[in-house]
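Subject: The structure we talked about

Hi,

Here is the structure I promised to pass on. Have it open while you read, and I'll walk you through what turned up.

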Amino acid sequence: MKEQQLTRTLAEMAKVFKKTSKSGGLTLCLGKRDYVDHMSKVDQVDGVVKLDTSEFGSRKVFVQLACAFRYGSDDLDVMGLCFRKDIWIHQVQIYPESHKPTLTDMHNTLMKKCGDNSYPFSFEIPNNLPCSISLQPGPEDKGKSCGVDFEVKAYLANDKCNPDETIDKKDTARLIIRKIQYAPAQVGAGPKADICKGFMMSDKPVHLEASLEKDLYFHGENIPIKIKINNETNKTVKKFSITVEQTTDIVLYSADKYSKPVFNQEFGETVDPNSTYESTLSITPVLAENKEKRGLALDGRLKDEDTNLASTTMLRPGVEKDVLGILVSYKIKINLMVAGGGLLGGLTSSDVTVELPLQLMHPKPEE
C-alpha cells in the first residue's frame with residue numbers, strides 16, 4: 001500500500017514539459033529535456049502527445065526527432081537558402097495509431113498527467129550522434145544560436161515525409177531537448193610535458209616541466225598545475241603566463257577549425273640565471289569571464305537557462321568524425337618569457353612553451 005502511495009506521489013510531483021500547437025489540436029509532452037549519452041547507449045526519449053482530433057480531417061499525426069546542425073539564424077533563411085543541415089532524422093505515426101511503444105514508467109506518468117486522448121511515442125537516439133552544442137552569439141546577433149541541437153516535433157500531415165507537402169506552423173508543436181555526456185566514473189593519470197631549450201650566447205638551457213594531477217576536471221573546478229623551471233642559462237626568466245585554449249573543429253560542412261582563449265593569467269615571478277623555481281598554481285576557466293567572445297562553444301542551451309563552456313567531445317573508436325558536427329577540445333599552455341642578455345637586451349628575448357591536454361566535463365549526478 002505504501003509503495004503504491006509513493007508511486008502515486010512521485011507521479012504527481014513529476015515535471016512535465018509541454019508545448020501546444022497554435023491550433024490547439026496537439027500538445028507535446030516530455031518528462032525531461034536532458035538525455036544522457038552513456039557511450040554504450042543513450043537515454044530513450046519517451047513522450048506523449050495529447051490530441052484534439054475534431055479538425056484533423058484525413059490528416060495524420062506524426063512525431064519527429066531530428067538532430068541538426070544550424071549555421072545561421074532563422075532570419076537568414078531567405079531566397080530558398082536553408083542554414084540548417086539535418087544530421088539524423090526519424091519519424092513515427094501516432095494517429096491513426098501505428099506506432100505502439102512498450103510503455104515505460106515515464107509514459108504512464110505522462111499519460112496520467114495529460115489525461116484522455118494521450119498517445120505515447122519513443123525514440124532511440126543513436127550513440128554516434130554529437131552532443132548538443134551552441135556557439136556563443138555576439139552582442140548584436142539575434143535568433144537561434146548556431147550549433148548542434150535536437151528537436152522533438154509533433155505535426156499534422158497527409159504523408160510521413162513528403163517534401164512537397166507544406167506543414168502548417170499552427171499545426172506543429174516543438175520542444176528542444178539536449179543530448180549530454182557526463183564524466184566517466186574513473187579518471188586517468190594527469191598529463192605531463194617538458195622542454196629543454198638552449199639560447200644563443202648561453203652554454204646551457206632552460207628546463208620547463210608542467211603536469212596535472214589527473215586528465216579530467218569538472219566545470220568550475222580548480223585545476224592545479226605543477227610547474228618546475230630550472231634556469232641553467234645566463235639569462236633571466238622575466239615572467240610566465242598560463243593560457244587555456246578552447247579549440248572548436250566544425251567538421252560537418254567545412255574544415256573550419258579555430259581556437260579561442262578561455263583563461264589567461266600572467267605571473268610576475270622571475271627566475272634568475274642558474275636558479276630554479278617550483279610551484280603549484282591553480283586556475284579555473286569559466287564562461288562568466290568569456291561572455292563577450294563570439295563563436296565560443298558552449299554546452300547546448302535551453303531557453304531561459306544558463307549554460308557553461310562546452311564539454312570536451314568524447315570520441316568512440318570507429319565513429320566517423322564528420323557525423324559529430326562539432327568537436328571541442330582544450331589545452332593548457334605554459335609560456336616563459338626569457339630575457340635576452342648583453343647589448344641587444346630585449347631584442348633577443350625568447351619564449352619557452354609547453355602544452356598539456358585538458359578535458360572539461362560535468363560529473364554524473366547522483367541518482
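Let's start with a loop: asparagine 274 lies between strand S16 (256–267) and strand S17. Before going further, please keep in mind that this is a predicted model. Asparagine 274 has a positive phi of about 55°, although it is not a glycine. That's worth a second look, because most residues other than glycine have a negative phi. Is asparagine 274 buried or exposed? Its relative accessibility is 62%, so it counts as exposed, the cut-off being over 50%.

With a relative accessible area of 48%, asparagine 117 is partly exposed.

While you're looking at loops, find proline 96, in the stretch between strand S6 (84–95) and helix H2 (105–114). The peptide bond that joins tyrosine 95 to proline 96 is cis, with omega at about -10°. For background, most peptide bonds are trans.

One more loop residue: glycine 25, between strand S1 (17–20) and strand S2 (26–30). Here the relative accessibility is 6%, so glycine 25 counts as buried. What does glycine 25 contact, leaving aside its neighbours within four places in sequence? The answer is Lys50, Leu51, Asp52 and Phe56. Also, look at tyrosine 155: it is 130 residues away from glycine 25 along the chain, yet their C-alpha atoms are separated by 9.6 Å.

Now for the sheet that S17 belongs to. Four strands make up an open sheet, in the order S11-S12-S14-S17, with antiparallel pairing. Strand S11 (192–197) and strand S17 (275–283) are at the edges with a single partner strand each, so one side of each has no neighbour in the sheet. From one strand to the next, the twist averages 10°. If sheets are new to you, their strands pair through backbone hydrogen bonds, either parallel or antiparallel.

S11 and strand S12 (residues 206–212) run antiparallel and are joined by six bridges. Which residue of S12 is the bridge partner of aspartate 194? It's glutamate 209.

Finally, the inside. The largest nonpolar core has 72 residues, and Phe121, Ile225, Ile332 and Ile334 are those with the most contacts inside it. Strand S19 (residues 326–338) gives the most to this core, seven residues. As a general point, nonpolar side chains tend to be buried together in soluble globular proteins.

Valine 354 has 4% relative accessibility, so it counts as buried. Again not counting residues up to four places away in sequence, valine 354 touches Ala193, Asp194, Ile195, Leu208, Ala210, Ile332, Lys333 and Ile334. Among these is Asp194, the residue whose bridge partner in S12 is glutamate 209. Valine 354 and alanine 210 are 144 residues apart along the chain, but 7.4 Å separates their C-alpha atoms.

Notes:
Residues are numbered from 1 along each chain as its sequence is written. This is a predicted model: local features need pLDDT of at least 70, side-chain atom pairs count only at pLDDT 80 or more; totals for chains, interfaces and linings use all residues. Side-chain values use heavy atoms; hydrogens and water are left out. Two strands pair if DSSP finds at least two bridges between them. Helices (H or I, at least four residues) and strands (E, at least two) are DSSP runs, numbered from the N terminus. Axes are lines fitted to C-alpha atoms, for helices over the stretch in contact, and angles run from 0 to 180 degrees between N-to-C directions. Buried means under 20% relative accessible area, exposed over 50%, partly exposed in between (1.4 Å probe, protein chains only). Contact means heavy atoms within 4.5 Å. A nonpolar core is a set of buried Ala, Val, Leu, Ile, Met, Phe, Trp, Tyr and Cys residues joined through side-chain atoms within 4.5 Å.
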